[in-house]
Amino acid sequence: MSRRASWLWRCAVVVAALGLGGCNAGDLEPGEQESLGASEASLCTCGTTRYTSTRYGEGAGCGSAATQARSLLQASMAAKCPSGSCNVSQSLGECEPLGPSRLDGFRFTISATYSCNEPVGCQ
């Protein structure tokens, strides 16, 4: 075996040993079984209660008004659903001028109907 092939072989053996050691070769450490059971209990399911939130944003243009509306809607949904929302259906409204001049700005409305991930605190 050449010197280079020998070196590559040793590297492969070391990498394989480290890889199996890092994985504990499939064995669970004491206490990991309990931890695994606890993490399974914290899995999220989508609740059945449906909520609807509507927010509007204002800005110099329709884009900035829509960005603000989306941000406010996300904050509203996060307050209602601390573990996150699911089955979200959004409805975009019209971009409307705030006054007779384009310099007056625009208002954009967005609505969402959603459910909350349950139980609270799930991941």
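**A helix and its disulfides**

Mentor: Start with Cys 62: its relative accessible area is 33%, so Cys 62 is partly exposed. The cut-offs are under 20% for buried, over 50% for exposed and in between for partly exposed, using a 1.4 Å probe and protein chains only. Two caveats on the source. The model is predicted: local features need pLDDT of at least 70, side-chain atom pairs count only at pLDDT 80 or more, and totals for chains, interfaces and linings use all residues. Residues are numbered from 1 along each chain as its sequence is written, and side-chain values use heavy atoms, leaving out hydrogens and water.

Cys 62 is bonded to Cys 95 in a disulfide, S to S 1.8 Å. The cut-off for a disulfide is a pair of cysteine sulfur atoms within 2.5 Å. The torsion about this S-S bond is about -95°, so the link of Cys 62 and Cys 95 is left-handed. Cys 62 sits in helix α3 and Cys 95 in strand β3, 33 residues apart, so distant parts of the chain are linked. Helices (H or I, at least four residues) and strands (E, at least two) are DSSP runs, numbered from the N terminus. Cys 95 is partly exposed, at 26%.

Now α3 itself. The helix has 19 residues, 62–80, and should span 27 Å at 1.5 Å a residue; its end C-alpha atoms are 27 Å apart, which agrees. The expected span is 1.5 Å times one less than the number of residues. Buried in α3 are Ala 65, Ala 66, Ala 69, Leu 73, Ser 76 and Met 77. Their arc around the axis is only 100°, which puts them on the same side of α3. That arc is taken from the directions from the helix axis to the C-beta atoms. Exposed Thr 67 and Ala 79 are on the face turned away from the buried side. The cover over the buried residues of α3 includes β2 (51–59), β3 (85–97) and β4 (106–118); contact here means heavy atoms within 4.5 Å.

Cys 81 and Cys 116 form a disulfide, with sulfur atoms 1.9 Å apart. Its torsion is about -60°, so it is left-handed. Cys 81 lies in the loop between α3 and β3 and Cys 116 in strand β4, so this pair ties parts 35 residues apart in sequence. Cys 81 is buried at 2%, and Cys 116 is buried at 8%.

The structure holds four disulfides. In sequence order, the bonded cysteines pair 1-8, 2-5, 3-6, 4-7.
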